[in-house]
Structure formats: structure tokens, C-alpha cells
Number of protein chains: 2
Amino acid sequence: MVRTLLATVVLCAIFLSRGEAEVQPSLSLMPMPAKFQLGNGQLLIDPSFSLAITGHREARLEGAVRLFLGQLRRQTGMPPIDMKIADSGNASLVVRCAAGTKDVQELGEDESYRLEIGGSGAHLSAPTTLGVMRGLQTFLQLVHMTGEGFAAPAVNIEDSPRFPWRGLMIDVGRHFIPLDVLKRNLDGMAAVKLNVFHWHLSEDQGFRVESKKFPKLHEKGSDGLYYTQEDVRDLIAYARERGIRVVPEFDMPGHTSAWFAAYPELASAPGPYGIERKWGVFDPAIDPTREETYKFLDKFIGEMTSLFPDQFFHVGGDEVNGKQWDANPKIQAFMHAHGMKDNNDLQAYFNQRVQKIVSKHGKTMLGWDEILRPDLPHTIVIQSWRGPDSLAQAAKLGYRGLLSSGFYVDLMWSAERHYRTEPMSGAAANLSPEEQKRVLGGEACMWSEYVSPENIDSRIWPRSAAIAERLWSPQEVRDVNSMYQRLPEVSQRLEWLGLTHNSSYAPMLRRIAGTDDVSSLKALTDVLEPVKDYTREEIPTAPPSSASPLNRVVDAVRPESAAARQFSASVDALLASGPRPETEAPLRAWLSRWRDHQAELQPLLAKSLLLKDVAPLSQNLSALGAAGLAALYYLDRGEHAPDSWATQQLALVEQAKKPQAQLLLVVVPAIEKLIRAGAGQRLPSQSATPLPLSETPSILTAGQNRRKDGW
Amino acid sequence: MVRTLLATVVLCAIFLSRGEAEVQPSLSLMPMPAKFQLGNGQLLIDPSFSLAITGHREARLEGAVRLFLGQLRRQTGMPPIDMKIADSGNASLVVRCAAGTKDVQELGEDESYRLEIGGSGAHLSAPTTLGVMRGLQTFLQLVHMTGEGFAAPAVNIEDSPRFPWRGLMIDVGRHFIPLDVLKRNLDGMAAVKLNVFHWHLSEDQGFRVESKKFPKLHEKGSDGLYYTQEDVRDLIAYARERGIRVVPEFDMPGHTSAWFAAYPELASAPGPYGIERKWGVFDPAIDPTREETYKFLDKFIGEMTSLFPDQFFHVGGDEVNGKQWDANPKIQAFMHAHGMKDNNDLQAYFNQRVQKIVSKHGKTMLGWDEILRPDLPHTIVIQSWRGPDSLAQAAKLGYRGLLSSGFYVDLMWSAERHYRTEPMSGAAANLSPEEQKRVLGGEACMWSEYVSPENIDSRIWPRSAAIAERLWSPQEVRDVNSMYQRLPEVSQRLEWLGLTHNSSYAPMLRRIAGTDDVSSLKALTDVLEPVKDYTREEIPTAPPSSASPLNRVVDAVRPESAAARQFSASVDALLASGPRPETEAPLRAWLSRWRDHQAELQPLLAKSLLLKDVAPLSQNLSALGAAGLAALYYLDRGEHAPDSWATQQLALVEQAKKPQAQLLLVVVPAIEKLIRAGAGQRLPSQSATPLPLSETPSILTAGQNRRKDGW
């Protein structure tokens, strides 16, 4: 399997240079296919559209076709009685599938497909139903409005994934995420060809699955917020219909406060224990020295491995601070008796025992970086939050691995920064072909300290589409501008699936403002982003916890401001070409709006507690809008602004760069450029230089690691 | 029951004069309570908010409280682990209920409540759980953002409904509406205290309920788009949790093509029959002369009356054109033998037979105007689409009735026009007190020729909130300006329930334009409305049917343009006060935007088939924007524009008044006023005069009747 995959990747790379040259902006596919060639003409998509299945048939294929037609109707606005499944091969789209799929979807099953669209019809063929699913999603992305109506362009596509494991992890422990929200996110995953839903089901803040063997786990560990086993089966079936595997994670031996609320005897200290409400790394950890622990885990893992059919079972293993172990004389005596020199040895012992249990129940163990110890069998898989180097280290030791470092969507990074994260970079770039095969792919990770059902979609989408492209498309597909050109359309298409990443924004603003006219607030919030990495914790506010409302401006604004990016690009264009009316006009409109929004916003500020903390941001934006307009004035006249003006404005810039209310005013750097140009200063070069692929400034890498260092 | 109700209504009217004087814009309640008095201070609503139940307890009450807390969390953004149910009476909100409710909710059950909110807590008391439900909705509407956080103002409210039957009918026959869409609309109903969901379940275009006795009805009559009996029970339970009765309608003997697709032997002509795809009144009708018909109906009605627990059973009875009866010699012979002089006699005979069957199964028959014949027992209820006069006629004959005339939300009327529809006007104003009691209330009716799951919410909401106020609040509550002041906030609150009347607009525009930036399109569509009444049928387009996509601009724009109403009010203010910079500035901004939008929209037009037919509207709006700006220029200078200019502009106005693409450019009358003022002409008086309460121009009444006259 892995060998075939590699061959495919190589093939893709060969075809790519052709494909890339032919890319047109109207082909807003994400992920980009391995190989495609645009033809002439287009296939009209109207109510008479029909689809026929030839070749192998199975229920899963028919389900995929029904889902496809439903989505096609939804994104074109056709009624349910249109767009039929045809009996004969004489249909608008003919699907031919060579063979069925496994009863339980496996890592590395063939997902390739070939899609040919011409003016009079289309053909989709694939070795398996999985390939058909991927090809149908490509077809949906090709359909767009034209002067003749909805249509898909004539095109030949040959496609297959670069990596076989392309996941999205959702942490439902810190905040419970209801089943319907997960389902719409599975729809989003399928749309961008992600194929593993990693369900992070237990945390200090909540144990989220019904256990029939240990019912106190969900009864006492979840605040009543858990999935029944029926819910779990329902979600797994839903995922299967979309070609997505479901890998459960039960994090142990740390992150287990919620377990101990139910079964304190599992812990390494007497307790008492309750569900944790705050965020961070906590002391409670399972006692690895008691045989009762492994009896419990055998029964528990036995129950959960029956419930979750996937081959892989994730045991977490991260962030054990060892304090309970250090303080427990019985545990210390055990370590001494077994010649363990530190807590790492003790955790390794625990992992060996757990691995045997997982293996006994027929599953393959998966865990975070920490579980990697050469004494564990080579079947286990390492999920790396430390980066490509630790992935390479694992591969060299003979372990398979996944990359999650660089794909943490809770850190509020730009799509660009995720997109530039390359699993095969750093030490991984120098792996032997044999070792390279051990890099299975990666996962976008949605840690849920600051997400609710209302804003989680906006934290996952559309940025995870860029991650999906990194994991599906050939390594050479890495043009950031092309990605940003395609992203808005992809984002819009995701809305037809019921995702709320765009639609939840305005209602949240209206709630904050307490009024339905939020245009002045939106002028501000459109250019705000939440602070990055883990700095939200550092900025004084009410102590954050799972009981804190997520209804503030920082919860409503998007991780990445499209307006700021566009503004910055316009500033760069203006400074490159010199002031011209057509390049200046949009800048002037933006800057005026920013200058003036504050006066409009003022009456709202008095009426809303939730708006009060953005008042300084509003004032800064207004002042910077005025400063930018003044800078344009000097640029227009070819004059240099007086030094005193520049000094004053740059002081303002420095002030405005500071986070306020856990928010960043992200147009500051571009306005700074304007001001410096207006004052005839040279521009500081670093701000315009894009980060090289997969290299991130050390300050940010440090920030990323802090999750794992116990803040 | 009816006596108690009348006493309440009288009481309300007495209190009202006090309440009205004290109304403040911040109290955005809809419907307005019968009596209220604002106090000092407010009750803060934060995560520590709690609720206690004292007095009578029942599962339905506890369910209502849980729903309330869920909605309160949602509209304030609080997490699910906050806002608890408290055990003691020491809670933020104490609910005291005197008695439980009937197992099946009955017409006229007591819905009154008393709500007292102070700075340190609130009390809600009611004779029944139904009253508690209504009071909790009032509480939710009182919560708003303040400078101190979310809060409800100190207030004393005594409230009870004017009419006991306040309904919303949804036609799921012409377009199938999925269960989840109905559920969110039930949430909306509960929010504005509507209490009857009238489920119009069968039509020429579809039979929508699973029948176990006659399975071919749903198998052959629904295109697979029907509710299972489990779905029906689910919806009824959902409605009951919200204090809403569910009245099913099976329309007969006409509107039955879908029945005949399954059982052609029921028809009055041999067939063959299929599901009807077009709109209108069709010939097929049940044969009322065959005894087998009544055997079938007995079995069918027996099944459906078991499924639907409500006391009332709606048999439709509207729009039988009689053509099949005229053409069938056997039926003619039957009529002759029984001394029937026309088809009305034959339908009356049918209704008598059906009434006996409905009565035998323990239910009360309800039907449209047509069923009213003095030979039917006085227990039946008439639903009037003909207006208050026919309601009065029924009441005088001893029949109870409901008003739906004036409440057809598919006709795209303004909220104002629905709001001015008064059940007790016309001949009904002169009924004796005894007769008045027979007017039970009314129903908003959502006929579904042009609605899909995507746009149905925007056809129902927020206008149905104004209808709900007409039916709940005292007759004297009829200030249109106050209604329009409160409507935007009510509309916004409805969004927290999952309704999509606002959020579906932008995605539909983006689909039409085929791009994510639709600001220029929105400048146009914000001031467009669909044509009114039944004129959509008259304007040439592709032949409309249930297979026509509802994805055009006319399907996306809202029934009533808020922007146009605001613009018109601003024009009136300017013309009343004379030109001043502060009144002119917003007008100038609007007019400039309209003038300029066309240039921006132009590139999109070429790329979208669905935009092509709005090109003339865009051109007209652009020209009128320029004309309006010119008029302002003359007004500013105190000059009269030249006659030639006025003539030219008014020709443009006449042109722009004509519907295009089934759309109306609704800013034309206000711009015409500006132009005439700029040219020194007297304004035509009629356009500024509001319609008197419940009087509608005959041309529109005629339009309304056309549904019933066989277009």
C-alpha cells in the first residue's frame, strides 16, 4: 500500500509542472488535483442533470451519489424532485467504480479517481468507492455560475492523495461540541478530501462518551454533556458515508481529572476530584503502578474498541507533569523496585502495558510525541506536535508518524502559515525513501478552550481547507497567492453544507452591540484578529474557564482578516507603483471608513458592556485611518511629511501594535508602511518578506510549544 | 371558556391606555402585553442566573424551563454548564404555576401570566403551564445588552391573549418542507406566542403523510417526500413542548390529484392521474356519489385522527371547479335523483357525509369558507379567506370562525398591511357580544408555490410576528410606527432560534452572482421586492412548476425592503423640514450608492445567467439615483428644475414602476417625490396616506381572491 502511494506521489509530481502552467483563476479547486488539463466548452448543469452508476455497485456508493445530488441541488438551488439517478449509462455524469470498499475503512485504501468533463457529459471512474467520493467532491467544486447558467468546465483530471492520513482533530473535552456541529464539520472535511476524524473524547474538563461498563465516567465526568453510544454509532456511520475514518482518543495517564471525578481510585493521589473548569496542565494522573488500573483499562478499552471500529486507537499520552507520581511514596517505591530512573520511565512502562491491552483488543495504538520510546513495538503511530524533526526522528527509529505541529487551528494563525507547514521539511526532508513512507500525513487540530458550537466552524474553516491541500496535493503545489485566490470560493461553498463560519459572524456582532445595525462595529471588527498562539491566557480578563461565556468580540472576529490582507496588498501595490488615482481610491475609502467609524460606534459603546473593551481599538483605528489619509496626501504631492508628524504617528503605531482585549488591530503594519513612505523613510524590510516554507520565527515556535509546557 | 376570554379582553382594553402611554423604545416586545408598567433598575443576567420552580410541577413545565434556559444561553452566548435550575426558591427567576395542562392541548386553555422583574430577582406566575410558557417568552424578549451586561428591565406585566386561536399554516404540499425547517418555525411561533400549527398536508402537488392503511398515498403521491408517522409524532411532541397545537389538513374533495395518482378510483373521471407539477386550480375532484368514497374516507380519517391528537380536523373544501362533476353522467344522475340544483349542493352533501365521519372519530371539523352551509352542525369551524364580512356572516349563523384573509404571507405584502388587518372590522365590528365570541382568531398562511427550505423562513418572518401581535395584543395596540420600531429586534431574536430569514439572503445572492463579493448586487436587491399578490404568475418566465428552481433574484429578495421604507421616511422628513445637511447626508449616501452600483455590477452580469434579468432594474436604479441627486441639488439651491428635466425624469419614473423579472423597484415612489419637489410640483397625495385599518384597495383584494378564483 505504502509503495503504491509513493509511486502515485512521484507520478503526481511529474504531471504537476504541466498542470500548474495551465491553472486558471476560475478553477477554484481545493485541494488542487495531482494532474488536470482544461478543455474547451462546459457542461451545463440544469434541472435535467442526471447521474448513472455503471460497474461495481454497493450501498456506500449509492449513498455517496445521493449525497452528491443533494449537495449539487443545494449549491445550485434546484428542487429535490430534479436531478435524478438514471438507469442507463446515458446520463449527464456516468460513474464507474471498479470495486467496493472494506467494511471498515482502512488506512491507505485507494482514493484515486479520474474525472473527464466534456460539453455533452462527464465520466468519473475510480478503482474504489472512496475514489468516486473524492471525484464527486471535485465535480461539486467545478460547478459555477456562468452566463449560460450553472456549468462545469471541460476538464480532464487524474488525481490521488499525497498522504493517506489527512485528519481533523476536534477536542470535545474542554467544550462539548454537539453531534450536529460535528456532522456539519464532517461534511466540510469530505468537501476538501480530509479522511480522518480524530475525536478527542476525554479531558480534564470532561469525559464525553457513554460507558456502559463504567457509567459513572459519563454520569459524573461530563456535566451531562456526552455522546450516547447510539450517537457514536450514528456519527461513525455518517463519517463512513463520506469516506472518513473515525479515530477515538482517550487521553491517559494525564488529562484525566474528569475520569477521577467518577473513579478517584484510579488516580495517583487521594483526591477528592471534580471536573476541571480551568485551562492548563494539571497534576492528576492515573496511577501506573496498580494492577487494578490495568484491569479497569482492559475492560474500558475493550468496550471502546468494540464501539469504535477503526484500526487505530489513540491513547493521548501528552503533558503528564508527574507531580502526583513524585508525591506518592508507593509509586516512588515501585519505580525504585523496577529500576526506573524518572517519570519518563514510569510513563513508558504505563504505555507498554496499555499498548498490550490495545493490541489484545486488535487495535493499533496511536499517541502524542511523548509515547515515543524504542521499547514500544514498531506498529504504533506517533502524532507529532513538536514538528517535522521529531517526525523524522520517529521515522528513523522505524515508527510511523503524523504531523500536527503547524496545524493547530486554535492558535489563530493565517491560512498562509498553515499552508507553508511542510511535513517533509527539516530533518524529514533528508529521510530515506523507506523512512519517508512512514510519514503518513497530518492532522489539523482544533483544541477547544475558546470554541463553542457557535464559533467553532469559524476557527476550523476555511483555513483547514489550506491544510487539506497541503496533505492531498503534490508537494509542489504551494503558491500562496493561488491559495488565497481560491480560498474565498471554497469558503463560500462550505456554507452550502451548513457550516456557519461566515454566517455566525453578524449575529454575534449584533448580540454584542445589542442592536441590529452593526455596520460601524463591523468596520472595526473586520480588521481585528484574536491574539495568536497562547497569549490569550496572558492578558488579564475574567479568569477563563469552561464556564466563561464565549460571547466577546475576540470570540466573534475571524482568525484571519481578509480585509487587512487585501488592504496590505493594496498598500504594497501603491508603494511599488507610486500614487495613482485608481490604486489610491480603494485605500482612501478604507482609511476614511476607519477614521469615521469611531464617531458612529460611540453611542453603541455606552450601551454595551461587551463593547467597552474595544473602545481603545476603535480609537486607534480611527487615528490610524486619519494618519493613513495624511500619508496619502504627502505621497500625492511628492512631499515628505515633517519629522515631527512622522514621530507622532509612529508613536501611535507602536501604541496600536499592542494587543487590547485579547485582540490585534492587524492593519497597523500596512498603515505604518504608508506613514513611513509619507515621511520619506525606508521601509523596514522584514514585514514584507514572506516566511520561507515551514520555517517559523522562534518566538512563535516557542509559543506553540507552550501548550505542552504547562502554562 | 369563551366567556372568560372575553372578560380578559375587556380587562386588557381597560389597562391598555396606561400601558401605551408608558411604552419605551427599549421595550421591544412583540406581541405587546395586555398591561405593563416599567419600574426602576434592571435584573442582570450573567452566568450565575438561576431558575426555580415552585407550585405545581409537571414534565411539560420542566421541559419548558429547560428550553427557556437553552434559549437564554443562546441569545446571551453563555455555555451550557451555566444558568442552572435551582432547588430552592432563592433563584434569579422564580416560576410558580397553579395547575397543569390537559394531555392534549385544548382551544381556549388559560394562557395568562403575570411577570414581575426587579433589580434582585423576577417572579413569573400563571394559572397553567401554558401561561408560564408565554411568560418565559416575554422574559426572553426583555433581555438585552446594557452598559452593565445582559439585563432585563424592572417591569410588571399582566398578560393574556385577545384570541384563543393564533395560527400559522404551512402548505407542505406544493413544496415539501423538511421536518427540521418546520421545527425551527415552531420555535419562531412560540417566540411570538402563536399557538396553532396548521399543517396543510395534501395538495395536487403532493400527499405528505405516511398512511399505513393506504400506503400508496405516500408511495405514489409524494415523490418520496413525505413525513413518516414517527416524524408526525415527533413534530406534535415538539409543538406540545412549546404550547402549540397541531391541526392537520387533508384538503378534499378538490386539490386531490396526488391522491388519485395512488387511487384513481376515488376520482370523478377515469384518469390516468399523476402528481401535478403546475400551480393553479385543477379539475380532479373526489367522486362524492360513490359509497366506496366514504368507506375509504372513514378508514383514512380514522387513521389520521388517531395520529393527530388535536380536537380539530381540517378537511379543506376549497376551490372545487366542478368540471369533473359536470362531465360525469353518473354524478349528474345522482344529483338529479337527490334534487341537487348545482355543484354547491353536491359539495355540501359531501361535506355533510365527511362531517359525520370526522364526528364519529371524535373530532371537530374545520374547513375553508366554501364549506359554510346552514345544513352543517354548528360545531364546525370556518376558516375565512374572504375577509371579516364572511367571518361575520358565519358568526351570525352560529358558526365559529378564523380569519386568514389579510394574513396570506405568500402575497408579499408589507408587515404594515398584515398588521392593519383586523378580524373585528367590517361587518364583524357590528356583531353582538355573543356572536363576537365565535371569532376565535386567525392564521398566517404560508402557501408554498414559491418557497423552498432555503427561503421559506424569509417569507414567514419577521412579518408573522406582526400578525401574532394582531391576534394576541388588545385591539387598541395598532401603532404601525411602534411595530416597525420593534420588528428589527424581534427579527434578530428569531435568528437565535435557528431561523434563516436573514442569514439565507447573502448566500443566495452569492450563488446568483457566482462570487463572494456581492456588495454591488446587494445595493440593488436591498431595494427590490417580489411582485405582490398573484402577479408572479402573469409575468412571462419559464413555466413555473414544482420542478422550477427557486434560485432567482425574486426568490432571494425579502418581501419587504427595510431600506426602501427607511429611505422613504427620510425623504418625507426632508420634504417636511426643508433641505438641511443632516437630513440630506443619508439621502445623498443612498442615492450615490444607487447611482454608482451599476458600474460595479456590470462585470458580474456577464458572468451570471441568473443576473441577466435584473439588468434593467439595475439601470433604472442607477438613473433614479442620479435623478434623486439632481433633485437634491435643485432643492438645496431653492430652485425649480426646468420642466424638460422633470418630464424626462418622470418618464423614467413611470418606466421604473413597471415590474421586471417579477421584481419591483420599491424606492421609485420616494424618488418620484424628490423629483417632483425638485421641479416645484405638488406631490400626489395618495402615496403618502397610510391605508386605514383593515381597508385595502380593491385591486389588491381582487388579487388576493384570485387564488380562489382559479388562475
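1. Buried means under 20% relative accessible area, exposed means over 50%, and partly exposed lies in between (1.4 Å probe, protein chains only). By that rule B:Gly131 is buried, with a relative accessible area of 0%.

2. On conventions: this is a predicted model, in which local features need pLDDT of at least 70 and side-chain atom pairs count only at pLDDT 80 or more, while totals for chains, interfaces and linings use all residues. Residues are numbered from 1 along each chain as its sequence is written, chains are lettered from A and ligands numbered from 1 in the order in which they are written, and side-chain values use heavy atoms, with hydrogens and water left out.

3. B:Gly131 lies in helix H3 (residues 129-142) of chain B; helices (H or I, at least four residues) and strands (E, at least two) are DSSP runs, numbered from the N terminus. Leaving aside residues up to four places away in sequence, B:Gly131 touches B:Asp110, B:Glu111, B:Ser112, B:Tyr113 and B:Ala126, where contact means heavy atoms within 4.5 Å. From B:Gly131 to B:Gly243 there are 112 residues in sequence and 9.1 Å in space, C-alpha to C-alpha.

4. B:Gln383 belongs to strand S16 (residues 381-384) of chain B and is buried, with a relative accessible area of 0%. The side chain of B:Gln383 makes polar contacts with the side chains of B:Ser404, at 2.8 Å, and B:Glu443, at 2.6 Å. A polar contact is a pair of N or O atoms within 3.5 Å; within protein, one must be able to donate a hydrogen and the other to accept it, and residues adjacent in sequence count only if both atoms are side-chain atoms. Not counting residues up to four places away in sequence, B:Gln383 also touches, among others, B:His198, B:His314 and B:Cys445.

5. Chain B and chain A bury about 3200 Å² between them, 62% of it on carbon and sulfur atoms. Buried area is the accessible area (1.4 Å probe) that two parts lose on being put together, summed over both. B:Ile81, B:Met145 and B:Arg511 supply 19% of the area that chain B buries against chain A, more than any other three residues. The contact takes 44 residues from each of chain B and chain A.

6. What kinds of polar link cross the interface of chain B and chain A? There are 16 residue pairs in polar contact (both at pLDDT 80 or more), and the count of salt bridges between the chains is zero. H18(B) gives the most to the side of chain B that touches chain A, with five residues.

7. Chain B can be laid on chain A with an RMSD of 0.0 Å by a turn of 180 degrees and a shift of 0.0 Å along the axis, superposing by least squares on the C-alpha atoms of residues with pLDDT of at least 70 in both. The two copies are thus related as by a two-fold rotation axis. B:Ser503 comes closest to that axis among the residues of chain B, at 3.2 Å (C-alpha).

8. Over all chains the count comes to 86 salt bridges, each a side-chain nitrogen of Lys or Arg within 4 Å of a carboxyl oxygen of Asp or Glu. A:Asp223 pairs with A:Arg277, the closest N and O atoms being 2.8 Å apart. A:Asp223 is partly exposed at 34% relative accessible area, and A:Arg277 is partly exposed at 29%. In the salt bridge of A:Lys532 with A:Glu529, the closest N and O atoms are 2.6 Å apart; both residues are buried.
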